[in-house]
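Morning, everyone. Please have the model up.

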Amino acid sequence: MYTWGHVKQAALAKLDLTAEEASDIGLLNRFPIYANEAMTNICSTVKPNRTFVEFTIDTENTIKTMPADFISFGDDVCTRTYVDEYGETRTDMECHDDDITYIGYNKIKFLKTGTYNISYNARWYVFNVGISEFEVLDIPDDVVECLASYIASQCYKMDDEVKASMYRNEYEMFVARIDATDFKNTKTF
């Protein structure tokens, strides 16, 4: 697993700057901002963190907002667990349009009570200014390895369009090589 320090050092190497030099010209604090831009691009087009969120609904017609790492609704099966009219717990019942309704970009209206597992595509990570160099990034390696090139391209955009284009092309090549295999349709091994 990579750390933020690795990404930062890789970006500095591409910029041919030390951390002090990058800090003096105001670039170092921009690294997390640019890393978040790249993460959004990668997760919305190539390789999202396919995950689920659980909502427990006690009243009908409740509206909930998806978590902060939400990019888009996923295409895996959403399920509902509930107590039926005979008092028995029914588990892993696939949701239908009489159970939930998607509202706009990131909200769901729940039409029945129960515990829901909702599929969604998320960011792998959200970078904050002041992130520790030792912060371990729980992100696939092929995604992390794209970040330094994107950061360098954005930093160079200010005064060297040729180098900016060169690193943007490198970033695009790295993104094109990301393994975006999705095994959710494989039900037996």
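What covers the buried residues of α5? The cover includes α1, α3 and α4. Contact here means heavy atoms within 4.5 Å. Helices are DSSP runs of H or I, at least four residues, numbered from the N terminus.

A word on sources. This is a predicted model: local features need pLDDT of at least 70, side-chain atom pairs count only at pLDDT 80 or more, and totals for chains, interfaces and linings use all residues. Residues are numbered from 1 along each chain as its sequence is written, and side-chain values use heavy atoms, with hydrogens and water left out.

Back to α5. Its buried residues are A164, Y167, Y171 and V175. Buried is under 20% relative accessible area, exposed over 50%, with a 1.4 Å probe and protein chains only. Those four sit on the same side of α5, because they cover an arc of only 85 degrees around the axis. That arc is taken from the directions from the helix axis to the C-beta atoms. The face turned away carries the exposed residues V162 and A176.

Now the cores. A nonpolar core is a set of buried Ala, Val, Leu, Ile, Met, Phe, Trp, Tyr and Cys residues joined through side-chain atoms within 4.5 Å. The largest has 36 residues. W4, F31, F127, L137, I139 and I151 have the most contacts inside it. α1, α3, α4 and α5 each supply at least two of its residues. α4 gives the most, with 10. A second, separate core has 14 residues, among them V53, M66, F110 and Y120.
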